[in-house]
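Reader: I have a model open and would enjoy a close look at one part of it. Could you walk me through what you see there?

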Amino acid sequence: MSKVCVFDHPLIQHKLSILRDKNTSVKEFRELISEIAMLMCYEATRDLPLEEITIETPVAPAVCRRISGKKLAVVPILRAGLGMVDGMVSMMPNVKVGHIGLFRDPATLEPVKYYFKMPPDIEERDVIVVDPMLATGGSASAAVTFLKEVGVRHIKLMSIIGAPEGVRRMQEDHPDVDIFVAALDDHLNDHGYIVPGLGDAGDRIFGTK
Ligand code: PRP
Ligand code: URA
């Protein structure tokens, strides 16, 4: 069974409460999504392997540690996942970025794929899938399935808000994928929106409503 990690760090919780507020502007919403992604990335990469190297400081040699050549990729689910990419890239400037385009059919709530573009060596990389909202889990589960189909073996999912339904769906479909969220909310409403949630993440990031 996969691990579900809920980040209770005060900085993340503070930013999340502003994010949820319906009066928060598009500009501030975008900045907050990016900042929360950056803070979550810090914790979600805690298990990256390190190796020792010796550096010459101006004073003496120092045995230091650096990330040991682990190949990583960040894969946002379009559109809303795009809002989390800058925060991740600012922490990991050399990371490769793949894109999966999915939208939820409003009638069936099932994900529809319209784009899939990965770095050529994606099967050698550990992947962090990012999408601010894990609602029914249909989009995240489909994204992970597409990545597994092209040979990716190690995948994590990072979402800002998760619903219990989405977490359950991911754990059933992909018990090998650990899930990182800043909050686990109460339930989904009849339209598949997370309650209390923050509304439509894509619309709030891109100002399309
Ligand atoms: C939202 C969100 C997720 C999905 C979550 O995207 O960004 O991708 O819904 O819902 P699920 O867990 O029930 O699949 P949406 O389909 O609204 O597309 P958008 O990002 O292009 O606005
Ligand atoms: N997608 C969103 O953007 N928000 C929700 O609450 C559910 C799905």
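Is threonine 24 buried or exposed, and why? After that, please take me on to the two ligands.

Author: Happy to. Please keep in mind that this is a predicted model. Threonine 24 counts as buried because its relative accessibility is 12%, and the cut-off for buried is under 20%. As for its place in the chain, threonine 24 belongs to the loop that runs between helix 1 (10-20) and helix 2 (26-44).

Now to the ligands, starting with ligand 1. Ligand 1 sits in the largest pocket, with 15 residues around it. Those that come nearest are Arg104, Asp131, Thr136, Gly137 and Ser139. By type, the shell around ligand 1 has six nonpolar, five polar and four charged residues. Three elements each supply at least two residues of that shell: strand 6 (99-104), strand 9 (133-134) and helix 4 (138-149).

The polar contacts of ligand 1 come from both side chain and backbone. Aspartate 131 places a polar side-chain atom 2.4 Å from an oxygen atom of ligand 1. Glycine 137 has a backbone N or O atom 2.8 Å from an oxygen atom of ligand 1, and for alanine 80 a backbone N or O atom lies 3.1 Å from an oxygen atom of this ligand. Taken alone, ligand 1 exposes 500 Å², and the protein buries 90% of that.

Ligand 2 is next. The space that ligand 2 takes is the largest pocket. Around ligand 2 you will find Arg104, Met133, Ala135, Gly192, Tyr193, Ile194, Gly199, Asp200 and Ala201. This shell divides into five nonpolar, two polar and two charged residues.

For ligand 2, the contacts to look at involve the backbone. A polar backbone atom of isoleucine 194 is 2.8 Å from an oxygen atom of ligand 2. Glycine 199 has a polar backbone atom 2.8 Å from a nitrogen atom of the ligand, while alanine 201 has a backbone N or O atom 2.8 Å from an oxygen atom of ligand 2. On its own, ligand 2 exposes 230 Å², of which the protein buries 88%.

How values were computed. Residues numbered from 1 in each chain as written. Chains lettered and ligands numbered in written order. Predicted model: local features only at pLDDT ≥ 70, side-chain atom pairs only at ≥ 80, totals over all residues. Heavy atoms only, no water. Near = heavy atom within 4 Å. Polar contact = N/O pair within 3.5 Å; in protein donor to acceptor, adjacent residues only side chain to side chain. Areas by Shrake-Rupley, 256 points an atom, 1.4 Å probe, with all protein chains shown as cover. 1 Å grid on protein atoms, 1.4 Å probe; cavity = no way out; pocket = protein on both sides within 12 Å on 5 of 7 lines; lining within 4 Å. Sits in = over half its atoms within 2 Å of the grid points. Nonpolar A, V, L, I, M, F, W, Y, C, P; charged D, E, K, R; others polar. Helix = DSSP H or I, 4+ residues; strand = E, 2+ residues; numbered from the N terminus. Buried < 20%, exposed > 50% of the residue type's maximum accessible area, 1.4 Å probe, protein only.
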